[in-house]
Amino acid sequence: MPMQTTTDEELVGRIAKGDRLAMQLLFARYQTQVYRFVLRIVRNEANAEDLISDVFLDVWRQAGKFEGRSSVSTWLLSIARFKALSALRRKPDSALDEETASAIEDGSDDPEITLAKKDKGAAMRACLSKLSAEHREIIDLVYYHEKSVEEVAEIVGIPAATVKTRMFYARKKLSELLNERGIDRGWP
């Protein structure tokens, strides 16, 4: 079976046996997702890059302990979350680099729409930054990583009902913050 069609679970099994090619493929599949997830938590590109190295080093060392009770992506994000939160405890929080975040443009839109989205995106990031860390984390996992309530509960280590409650209050607070800025929920 070609490695590109190998399931994540099979790759982890091969990694447990020391298969470097399987490790390279798993890294290629998930490095961007894990990096973006970690970056949203630590808000520092250099720290995020260091942390994804740590995450995948743990995968290499711990692949034999993967029990398959969750998806590989959920397992990876759980490791990443633990590493990122541990890093935050060790280092003071640094500010998000707004210039880098706002430099990303959508080439398919005309300049007016792009500017409107950019302004709205900056406002959204500002509002998200005002949420508690617990609420930001839930929003990030559900909306940016498309994880289910059950997967979020497993990653964060809380009951599914707590995830739902945090999601409710996070959306409510985000809506209030956006309304204060005179922004509706839709894009132009």
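# Charges, rings and helices in a predicted model

Me: Is glutamate 137 buried or exposed?
Reply: A residue is called buried under 20% relative accessible area, exposed over 50% and partly exposed in between, with a 1.4 Å probe and protein chains only. The relative accessibility of glutamate 137 is 10%, and by the 20% cut-off this residue therefore counts as buried.

Me: What pLDDT do local features need in this model?
Reply: Residues are numbered from 1 along each chain as its sequence is written, and side-chain values use heavy atoms, with hydrogens and water left out. This is a predicted model, in which totals for chains, interfaces and linings use all residues and side-chain atom pairs count only at pLDDT 80 or more, while local features need pLDDT of at least 70.

Me: How many helices are there in the protein?
Reply: Helices are DSSP runs of H or I with at least four residues, strands are runs of E with at least two, and both are numbered from the N terminus. Read along the sequence, the pattern is α-α-α-α-α-α-α-α-α. The protein has zero strands, and its helices come to nine.

Me: What percentage of the protein's residues count as buried?
Reply: This total is taken over the 188 residues of the protein. The share of them that count as buried is 37%.

Me: Which residue forms a salt bridge with arginine 81?
Reply: A salt bridge here is a side-chain nitrogen of Lys or Arg within 4 Å of a carboxyl oxygen of Asp or Glu. In this pair the closest N and O atoms are 2.3 Å apart, and the partner of arginine 81 is glutamate 137. The pair links distant parts of the chain, 56 residues apart, with arginine 81 in helix H4 (residues 72-90) and its partner in helix H7. Arginine 81 counts as buried at 15% relative accessibility, and its salt-bridge partner is glutamate 137.

Me: How far apart are the closest N and O atoms of arginine 40 and aspartate 140?
Reply: These two residues form a salt bridge. Arginine 40 lies in helix H2 (residues 20-42) and aspartate 140 in helix H7 (residues 133-144), so the pair ties together parts that are 100 residues apart in sequence. Arginine 40 counts as partly exposed at 34% relative accessibility, whereas aspartate 140 counts as buried at 5%. Between the closest N and O atoms of the pair, the distance is 3.0 Å.

Me: Which residue forms a salt bridge with arginine 69?
Reply: Arginine 69 is exposed, with a relative accessible area of 71%. The closest N and O atoms are 2.9 Å apart, and the partner is glutamate 67.

Me: How many salt bridges does a search of the whole structure find?
Reply: The pairs include arginine 40 with aspartate 140 and arginine 69 with glutamate 67. The count for the whole structure is five.

Me: How many aromatic pairs are there?
Reply: Rings of Phe, Tyr and Trp (its six-membered ring) pair if their centres lie within 6.5 Å, and planes under 30 degrees apart count as stacked, over 60 as edge-to-face and the rest as tilted. By this rule, the count is three.

Me: What is the angle between the planes of phenylalanine 66 and tryptophan 75?
Reply: Phenylalanine 66 is buried at 16% relative accessible area, and tryptophan 75 is buried at 15%. Their ring centres are 4.8 Å apart in a tilted pair, and the angle between the planes is 45°.

Me: At what angle are the planes of phenylalanine 168 and tyrosine 169?
Reply: Phenylalanine 168 counts as partly exposed at 47% relative accessibility, and tyrosine 169 is partly exposed at 44%. The ring centres are 5.0 Å apart and the pair is edge-to-face, with the planes at 80°.

Me: Where is arginine 43 found?
Reply: Most residues other than glycine have a negative phi. Arginine 43, although not a glycine, has a positive phi of about 55°. Arginine 43 counts as buried at 19% relative accessibility, and its place is the loop between H2 and H3.

Me: What is the phi of glutamate 146?
Reply: Glutamate 146 is found in the loop between H7 and helix H8 (149-156), and it counts as exposed at 68% relative accessibility. Although this residue is not a glycine, its phi is positive, at about 50°.
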